[in-house]
Amino acid sequence: MQLPVIYQDDHLIAINKPSGLLVHRSEIDRHETRFALQLVRNMLGHHVFPVHRLDKPTSGVLLFAKSSEIASLVVDQWRERAVDKRYLAIVRGYFPESVHLDKAMSPPVDKYAKHERVKPPQEAITDFRCLAQVELPIAIDKYPQSRYSLIEALPKTGRKHQIRRHLKHLAHPIIGDARYGKGKHSRYFRDHFDAPRLLLHAWQLTMQHPVSGETLILNAPVDNVMRRLCLRFGWQQSLPDELQNWSEMVPDCMDQFFPERDEPTCVSEILPPPPVSTATEPE
């Protein structure tokens with residue numbers, strides 16, 4: 001299987017990781033047989049070294065080094081917080097224009113680790129900004145309408161599940177988040193909008209090239225699921241400029257790792273789409 005490559009040179013390779021694909025083997029999903037690390041290694045014919053991670057349900061920029069020496073140099077930039085990371089998310093509710101959240105968090109307890117104890121809270125900082133909003137005239141929860149927002153998240157620290165947990169704290173959980181989200185809204189998006197995934201996408205990574213020293217900007221296009229939602233809600237023009245090339249074809253492999261469903265037929269193919277009203281932040 002060929003994963004979409006968004007950058008490659010003699011020292012680095014970056015892919016657009018599909019949602020549902022693990023970065024490497026994990027106790028969390030013992031049954032999984034496909035991993036980004038293995039697939040990239042098979043594509044290149046030699047070992048690669050991960051320099052960061054993305055959660056299994058998160059899509060987007062995933063960077064590997066082609067040697068342990070280069071990996072060490074890149075990881076140093078992460079430790080020094082010299083790497084800029086930008087994410088897109090679709091969340092419940094009308095999100096404020098901008099939020100700076102400085103809220104420490106304890107690492108999630110790993111249920112697969114024996115005798116693991118709750119650890120002290122660690123610094124966690126994320127900046128958020130709202131890109132667009134939509135209201136659906138549908139009573140999914142306790143209100144007669146349902147509101148959603150397209151937001152950008154810029155984590156300044158790298159805690160596990162940081163963006164997802166911060167958004168839960170703000171009462172704007174990500175759609176499709178089985179752990180921190182709202183099940184009714186996630187199921188509605190899955191069944192009516194053919195969106196069976198966590199709607200969180202690492203769209204840009206900016207860093208200094210470890211060899212040349214030049215600024216390296218890596219952009220990952222959104223997959224078909226998020227693209228369809230942006231079209232349905234009229235959010236195309238609200239996406240970052242770098243992601244507005246809609247003539248690019250999305251590789252089929254981006255949709256191959258979603259969890260299987262009992263009823264694969266999408267309800268939105270049978271029912272007419274609900275009307276929507278949209279709003280975008282003022283320029």
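Predicted model: local features only at pLDDT ≥ 70, side-chain atom pairs only at ≥ 80, totals over all residues.
Is C130 buried or exposed in this structure? C130 is buried, with a relative accessible area of 3%, where buried means under 20% relative accessible area, exposed means over 50%, and partly exposed lies in between, for a 1.4 Å probe and protein chains only.

Good morning. Residues are numbered from 1 along each chain as its sequence is written, and side-chain values use heavy atoms, with hydrogens and water left out.

Let me begin with the overall picture. The protein chain has five helices and 11 strands; these are DSSP runs numbered from the N terminus, with helices being H or I of at least four residues and strands being E of at least two. Of the 283 residues in the protein chain, 47% are buried. Among contacts between residues at least 6 apart in sequence, 69% join residues at least 24 apart, a contact being heavy atoms within 4.5 Å.

I return now to C130 and its surroundings. The bridge partner of C130 is I151 in β8. Strand β7, residues 125–136, runs antiparallel to β8, and 10 bridges join them; two strands pair if DSSP finds at least two bridges between them. Strand β8 also pairs with β5 in the antiparallel sense, over six bridges, and here R92 stands opposite Y148 of β8. Nine of the 10 residues of β8, residues 146–155, are buried, so this strand is largely enclosed by the rest of the structure.

C230 is another buried cysteine, at 1% relative accessibility. How many disulfides does the structure hold? It holds zero, a disulfide being counted as a pair of cysteine sulfur atoms within 2.5 Å.

Next, consider helix α3. Its buried residues are Q162, I163, R164, H166 and L167. They pack against β5, β6 (98–102), β7, β8 and β9. Just after α3, A171 takes a positive phi of about 65 degrees.

Most residues other than glycine have a negative phi. R81, in the loop between α2 (68–79) and β5 (84–92), has a positive phi of about 55 degrees although it is not a glycine. R81 is partly exposed, with a relative accessible area of 44%. D194, in the loop between α4 (183–193) and β9 (200–208), has a positive phi near 50 degrees. D194 is also partly exposed, at 23% relative accessibility.

Finally, I turn to the second largest pocket, which holds about 720 Å³ of space. On a 1 Å grid over the protein atoms alone, a cavity is a set of points where a 1.4 Å probe fits but cannot get out, whereas a pocket is an open set with protein on both sides within 12 Å along at least five of seven lines; lining residues have an atom within 4 Å of a point. The volume is the space filled by probe spheres set on the points, which are joined across faces, edges and corners.

Which residues lie nearest the centre of this second largest pocket? They are R53, W78, K85, G158 and R159, from a lining of 29 residues. Strand β9 gives the most to that lining, with four residues.
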